Amino acid sequence: MTTAILSALSEEQSGLLVQLVQPQRVDHAGRTFWQGELHGKRVVLALSGIGKVAAATTAAALVERFGVARIVFTGVAGGVGEGVRVGDVVVAHDYVQHDMDVSPLFERWQVPGYAGVRLPCDTALSAHLSRAASDCLEGAGAGFYTNSDGVAPRLHQGLMASGDRFVTCAQVSRALREPLLAAGHDVLAVEMEGAAVAQVCLDYGVPFAAVRTISDRADDDAHVDFPAFIQTVASRYADHIVHHLLKTL
Ligand code: SAH
């Protein structure tokens, strides 16, 4: 049984790659996949690429070419929910594509052909991932990032939104979040790939779970916060959370 570990950026993947036992490189569909063992479990490591289409291609390749039994996404995201701060960790229950709009034919944000606005993640795999994230935060992860007021990073679970836009302005973030909230969809974090992978996994019936560390607040400081975070903190979180997860799978 092979678990795919998807990351968006090489900075997020680098810590996992150096630990891969008997690494085997496979180039396919313009991407590099790494097969091997991590903590005694068969894995394939891959970079999703940036944005929904790139991530969907990678996810489909993982299923079709590598026959993976499950896909786990580890990455970073912009925190938009109340109290979701830089250094916090969010595990997705479900996803919405914030830039999908076929209204009035369908409800705004709904991908035609799928039930409802929200694309669900796998409940059991997400529960494993939440436990792994919380073990990480209660252990070494507590020291990975310190907010200016000294409050320790927290774990959140809920809705994430994906779309083909890096959100770096408070006004855009509000315009994205508020109509969703008014329709009953309280988005915790925004990124650019997860909903596409969730959709592909629903198509193939492959369990999917996603964890994102908050690198920025999707506001006017995001372009400064984001690169600093991915260079120093992101891969340490990915490393520890994946380690805790693979131990329990
Ligand atoms: N500098 C990168 C591109 C970064 S795009 C490169 O050269 O390849 C931002 C990535 O981080 C995406 O993978 C997205 O999923 C995530 N992300 C983090 N903060 C985000 C935000 N505020 N808005 C959207 N995506 C964000």
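A nitrogen atom of the ligand is placed 2.8 Å from a polar side-chain atom of Asp-216. The model in which this pair occurs is predicted. Two further pairs involve oxygen atoms of the ligand. In one, a polar side-chain atom of Arg-212 lies at 3.2 Å from a ligand oxygen; in the other, a polar backbone atom of Met-192 is 2.9 Å from an oxygen atom of the ligand. In total, the ligand is surrounded by 18 residues. Asp-216, Arg-212 and Met-192 are among the closest of these, together with Val-167 and Glu-193.

The largest pocket of the predicted model has a volume of about 230 Å³. Its lining comprises 19 residues, of which Val-76, Phe-166, Glu-191, Met-192 and Phe-226 are the closest to the pocket centre. By residue class, the lining consists of eleven nonpolar, six charged and two polar residues. At least two lining residues are supplied by each of strand 5 (70-79), strand 9 (187-191) and strand 10 (208-216).

Ser-7 was examined separately. This residue belongs to strand 1, which spans residues 3-7. Ser-7 is classed as buried because its relative accessibility is 0%, and the cut-off for that class is under 20%. When neighbours within four places in sequence are set aside, the contacts of Ser-7 are with Glu-12, Gln-13, Ala-46, Leu-47, Ser-48, Phe-73 and Thr-74.

Key:
Residues numbered from 1 in each chain as written. Predicted model: local features only at pLDDT ≥ 70, side-chain atom pairs only at ≥ 80, totals over all residues. Heavy atoms only, no water. 1 Å grid on protein atoms, 1.4 Å probe; cavity = no way out; pocket = protein on both sides within 12 Å on 5 of 7 lines; lining within 4 Å. Points joined across faces, edges and corners; volume = space filled by probe spheres on them. Helix = DSSP H or I, 4+ residues; strand = E, 2+ residues; numbered from the N terminus. Nonpolar A, V, L, I, M, F, W, Y, C, P; charged D, E, K, R; others polar. Buried < 20%, exposed > 50% of the residue type's maximum accessible area, 1.4 Å probe, protein only. Contact = heavy atoms within 4.5 Å. Near = heavy atom within 4 Å. Polar contact = N/O pair within 3.5 Å; in protein donor to acceptor, adjacent residues only side chain to side chain.
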